[in-house]
Amino acid sequence: MKKILTSILAVAMAAGLAACQGSASGTGTTAAVTDAQAADDAGKTGSEMTWKLATDAARDYPTTKALIRFADEMYERSGGRISVDIYESSILGDEVSYMEQLQAGTVDVAKLSIGTLSGLYEDTQVFLLPFLFKNNTEMWKVLEGEAGTTIKNGLNDYSIQGIGFTDCGSRCFYTTVPVTSIEDFKGLPVRVQNNQLMNSMIECLGANPVNVAANEVYSALQTGVCKGGENNPNIILSDSLYEVAPNVLLDNHTTTMDVICMNLELWESLSGEDKAIVEEAMAAATRYDREIWDAAVEESLQKLKDGGAVITQPDDATLDSFRQAMDPIYEEYGVRYETLLNQINETLEN
């Protein structure tokens, strides 16, 4: 029987973990947490290792399921020498917080979105360009090619090694009022991640970008701070955003991925054998992620409908108007990311 080594921590442990997060930022800690950290550090350098893996997604989210598979594969392929403890649902803080912990080495592995990574490694923004991919088949073809390798290794400059990718889905708009055409976006306050390219995308549609934290979006929709947002259907469902913004427009304007990252110092300390185990375990997790992602989206869409959401599939003319509105973005960013865009285009043409 496979042994899935994941620590899905109880609420009663939250205070201790918060203290652990505080120690990573230099704000103090307890003796118990200090001892635990010392044990972690010792584990990284010995023949047996226990790694901390951070994600902001819940246990039943497809990406977290894939990370559980990664943990299981690491344990089995290493003969029990390497355990991976998963800290889910932002237990170690939001993505920005645990990305900093990853760089510092107090987190060993992390799931990071392109939106968050682009604040550190600007070139990853290329994957936020609207309508870059027609579907996730094109996205995976690119990630398995030269551009994917460029991104994973380019993170080395920031004390991070990319070890693989998981699907982050195709992002769609959800709104408190019906939106079915580009004209309906005029003046609409729409929540996006705090990212200049994504802000520009909203502005190109004639809407007003609003930057609020992910855990504040529901209340922002309730109070009218924003009247819409954008994300993939799995998040729209899991965060219950459809309850306050029941209109979902399946325009699939951005098809993107999460990057699974490892602390660079830890990566470089591994033997060739253990690096191979990481790569094989990640490959198995990615295959599993791809198996379950599309099914999860279909299930989410059905649950959204059952929950009262109005799902709209825009016609070709509407999508063409969206794409044409994005011309200024490609004029601005096309030169900046010319090398990566050339790699992407060459891969898709072959």
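Some ground rules. Since the model is predicted, local features need pLDDT of at least 70 and side-chain atom pairs count only at pLDDT 80 or more, while totals for chains, interfaces and linings use all residues. Residues are numbered from 1 along each chain as its sequence is written, and side-chain values use heavy atoms, with hydrogens and water left out.

Salt bridges, then. Side chains of opposite charge can pair when their charged atoms come close. The rule here is a side-chain nitrogen of Lys or Arg within 4 Å of a carboxyl oxygen of Asp or Glu. Over the whole structure, the search finds 12 salt bridges.

One of them joins arginine 77 to glutamate 73, at 2.8 Å from N to O. The two are four residues apart in helix H3, so about one helical turn separates them. Helices (H or I, at least four residues) and strands (E, at least two) are DSSP runs, numbered from the N terminus. Glutamate 73 is buried at 12% relative accessible area, whereas arginine 77 is partly exposed at 36%. On the cut-offs: buried means under 20% relative accessible area, exposed over 50%, and partly exposed in between (1.4 Å probe, protein chains only).

Lysine 303 is partly exposed at 42%, and glutamate 299 is partly exposed at 45%.

What does glutamate 95 bridge to? Its partner is lysine 111, with the closest N and O atoms 3.0 Å apart. This pair links distant parts of the chain, glutamate 95 being in helix H4 (residues 95-104) and lysine 111 in strand E3 (residues 109-113), 16 residues apart. Glutamate 95 is buried at 7%, and lysine 111 is buried at 5%. Both belong to a network of salt bridges that also takes in Asp56 and Asp258.

Next, the rings. A pair of aromatic rings is described by the distance of the centres and the angle of the planes. Rings of Phe, Tyr and Trp (its six-membered ring) pair if their centres lie within 6.5 Å; planes under 30 degrees apart are stacked, over 60 edge-to-face, and the rest tilted. That rule gives six aromatic pairs.

Tyrosine 61 and tryptophan 293 are edge-to-face, at 5.8 Å centre to centre with 85° between the planes. They are 232 residues apart, with tyrosine 61 in the loop between strand E1 (49-54) and helix H3 (62-77), and tryptophan 293 in helix H12 (residues 272-306). Tyrosine 61 is buried at 9%, as is tryptophan 293 at 2%.

Phenylalanine 127 and phenylalanine 133 are stacked, at 6.4 Å and 25°, and both are buried. Ring pairs also link Phe173, Phe185 and Phe322 into a cluster.

Last, the backbone. Which residues other than glycine have a positive phi here? Serine 159 is one of them, near 65°, and asparagine 252 is another, near 50°. Serine 159 lies in the loop between helix H7 (146-154) and strand E4 (160-175), and asparagine 252 lies in strand E8 (residues 247-263). Serine 159 is partly exposed at 34%, and asparagine 252 is partly exposed at 32%.
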